[in-house]
Amino acid sequence: MLMIDLTRELARLIVCTTPSAFSPEVRDRSSRILADSIGVMVGGARSEVFSPMQKYLAGTHGSVKVLGTDWQTTPAMAALVQGTFGAALDFDDVFSVMPAHPSVLILAVGLVCAAARPVTWGELQEAHVLGLETGATMGRLMTLAHYNQGFHATGTLGVFAAVAAMGRLCGCDRGELQRALGIAASMSAALCRNFGTMCKPLHSGLAARTAVDAVQLARCGLTAAPDALEGPAGFIEAYGAGPPGAIDLSDWGRQWAIAHPGPSLRKFACYNANQRGMQGVLDLRTRLDLNASTLKRLICRMPPGGMQGAIYPRPATGLEAKFSLPYVLAAGILDGRFGLDTFSDAAVRRTAIHGLLDRIEAYEDPSCRGDDPNFDRQTPGGRGFVEVEAWAMNGRHAKVRVHAPPGHPKNPLTWAELKDKFIDCVTYGGVQAEAAAAVFDQLERGEPPGDVQGFLAPFHPARPDNAGA
């Protein structure tokens, strides 16, 4: 059992942190990540999960708008759908310290709060930073052993990030937030086995809905153990796979986790650990002038554990392809790019792809560990390095080594690159490019005018297939 009163202390810190604690640099980082999250959420409204979510909402009534649609539903259902949409493209942020994708959860509950009262961009930034800090705290405590045990931390730990953000925006007092964290501890769930299915993005939606329910129940007076996180038979003991990691809450706010280590913003819409190999194959394609006819052989060497989530060597669907390293390498050779259309069922079933798969090897190689003393504490997408080697039919040969994928804190996307990604996502979701660019420019400036609901109004497109929700 931890010596610290973790549940109580987290609640106190979330409630008592003042706006002055957030520097301009921290707010800028939050704006980048939230802008990215808005884009992928709107794009996700056109993904495979659209139809199941539409059917699930049929007959519900409420006043909370669902981003990316013209639907209106209850707060809890809006959080569920928006969280699911935000993760549906596998394009949302990657927070290695958890490891999870927490920002779309925070945005989902933030939009629920914004439907109840005006929420400014600055307030959403503060809730976002505090949510990430809470998630980072839980990630450090649970360590990678929690993920390696089969728990998808976006669902199991992300719920606490969402509770923190919602509690902050709702004006919870310390007691209410402490109870909400305790309630959420009994509602935490998600399994990595569901990667490559629609249930994987549902983890984000369920965590967002749990946060709404937990905060609302706590504010209604429902009680929970005051030490539900750290106490005997509490969350850490029940969900842990070994001794908890070290934390020091006395450092809260001195160096926010959003700045260090900071989340990654993915350049490619698929499993994070595939991203370095994808960048490597694009580099080799250019260097050797490779295509489906000229490639003789390609090898991708991953660090130990790097293929943990790459569970589909021969994918049959676009969802499975997001968790297939051989497929993305083949698609990179064939197309010379990766877009949202790369992960359609039709793209996966192309004859040329299957011909390339026979010339591609991907495996874990101990030599890709490198000399990082923290290797065993890194996530699959960040540990060691990835090496991609190719041979052309004409005898030419080259090899590249990729340490940090594009979008990683060590190799961040620029505002211009983020804008391109944002516009691709929201136009994919049915929003006009001009409207998307105007909103993004406001977000880049850091303080959009008015409330969140107002400036995101263009992202509620009315489409015929939205009817009936």
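Reply: The centres of domain 1 and domain 2, taken over C-alpha atoms, are separated by 31 Å; the domain assignment of the protein chain places domain 1 at 6-265 and domain 2 at 273-402, and such bounds come from an automatic or database domain assignment. This is a predicted model, in which local features need pLDDT of at least 70 and side-chain atom pairs count only at pLDDT 80 or more, while totals for chains, interfaces and linings use all residues. Residues are numbered from 1 along each chain as its sequence is written, and side-chain values use heavy atoms, with hydrogens and water left out.

Where the domains meet, 16 residues of domain 1 are in contact with 14 residues of domain 2, contact meaning heavy atoms within 4.5 Å. The size of an interface is often given as the accessible area lost when the parts come together. Here domain 1 and domain 2 bury about 1,200 Å² between them, with 63% of it on carbon and sulfur atoms; buried area is the accessible area (1.4 Å probe) that two parts lose on being put together, summed over both. On the side of domain 1, the residues that lose the most area to domain 2 are L144, F195 and G196, which together make up 37% of what that side buries.

Helix α6 (residues 121-148) supplies three residues, the largest share of the side of domain 1 that touches domain 2; helices (H or I, at least four residues) are DSSP runs, numbered from the N terminus. The residues of that side divide into eight nonpolar, four polar and four charged, where Ala, Val, Leu, Ile, Met, Phe, Trp, Tyr, Cys and Pro count as nonpolar, Asp, Glu, Lys and Arg as charged, and the others, Gly among them, as polar.

Helix α6 also holds T143, a residue other than glycine whose phi is positive, near 60°. Most residues other than glycine have a negative phi.

Terms used:
Helix = DSSP H or I, 4+ residues; strand = E, 2+ residues; numbered from the N terminus.
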